[in-house]
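Thanks for coming. Please look at the sequence and the model first.

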Amino acid sequence: MPKMKTNSGAKKRFELTGSGRVKRKHAFKSHILTKKTIKQKRNLTHTSLVASADEKRVKALLVA
């Protein structure tokens, strides 16, 4: 039986931390930035963790 493939979209968007949590980037930072405040854009720059409710599904996509 062939190896399972990691989901290509997920591997571009998520990263596992050392403790096994899943890091993600914020949305709304790619275009139409002129109407967003400097503070809003700065806060969207930082990475965040995937919610615990979604973590199991994201890990299944990454560790396929």
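What we have here is an open sheet of three strands in the order β1-β2-β3, with antiparallel pairing. The edge strands are β1, residues 15–16, and β3, residues 48–49, and each of them pairs on one side only. On terms: two strands pair if DSSP finds at least two bridges between them. Helices (H or I, at least four residues) and strands (E, at least two) are DSSP runs, numbered from the N terminus.

Before I go on, the provenance. This is a predicted model, where local features need pLDDT of at least 70 and side-chain atom pairs count only at pLDDT 80 or more, while totals for chains, interfaces and linings use all residues. Residues are numbered from 1 along each chain as its sequence is written, and side-chain values use heavy atoms, with hydrogens and water left out.

Back to the sheet. Strand β2 covers residues 22–24 and pairs with β1 in the antiparallel sense over two bridges. Within β2, Lys23 is the residue that stands opposite Glu15. Helix α3, residues 52–62, packs on the sheet and touches β1 and β2. The direction of helix α3 makes about 95 degrees with that of β2. Axes are lines fitted to C-alpha atoms, for helices over the stretch in contact, and angles run from 0 to 180 degrees between N-to-C directions. Contact means heavy atoms within 4.5 Å.

Val58 is buried, with a relative accessible area of 8%. For the cut-offs, buried means under 20% relative accessible area, exposed over 50%, and partly exposed in between, with a 1.4 Å probe and protein chains only. Leaving aside neighbours within four places in sequence, Val58 is in contact with Phe14, Val22 and Val50. Leu33 is elsewhere: its C-alpha atom is 28 Å from that of Val58, and the two residues are 25 apart along the chain.

Next, the charges. Side chains of opposite charge can pair when their charged atoms come close. How many salt bridges does a search of the whole structure find? It finds three, a salt bridge being a side-chain nitrogen of Lys or Arg within 4 Å of a carboxyl oxygen of Asp or Glu.

Arg21 and Glu55 form one of them, at 3.0 Å from N to O. Arg21 sits in the loop between β1 and β2 and Glu55 in helix α3, so this pair ties together parts that are 34 residues apart in sequence. Arg21 is partly exposed at 32% relative accessible area, whereas Glu55 counts as buried at 12%.

Glu55 also has a salt bridge with Lys59, with the closest N and O atoms 3.7 Å apart. Those two are four residues apart in helix α3, so about one helical turn separates them. Lys59 counts as partly exposed, at 30% relative accessibility.

Arg57 is exposed, with a relative accessible area of 57%, and Asp54 is partly exposed at 30%.

Now a lysine without such a partner. Lys36 lies in the loop between β2 and α2, the latter being residues 38–45. Lys36 is buried yet has no salt bridge, and the nearest side chain of opposite charge, Asp54, is 21 Å away. Here Lys and Arg count as positive and Asp and Glu as negative, while His and the chain ends are not counted. What does Lys36 touch, not counting residues up to four places away in sequence? The contacts are Phe28, His31 and Lys41. A polar atom of the Lys36 side chain lies 3.4 Å from the backbone oxygen of His31.

Last, backbone angles. Most residues other than glycine have a negative phi, and most peptide bonds are trans. Phe28 is not a glycine, but has a positive phi of about 70 degrees. Ile32 also has a positive phi, near 55 degrees. Phe28 lies in the loop between β2 and α2, and Ile32 lies in the loop between β2 and α2 as well. Phe28 is exposed, with a relative accessible area of 65%, and Ile32 counts as partly exposed at 47%.

Terms used: A polar contact is a pair of N or O atoms within 3.5 Å; within protein, one must be able to donate a hydrogen and the other to accept it, and residues adjacent in sequence count only if both atoms are side-chain atoms.
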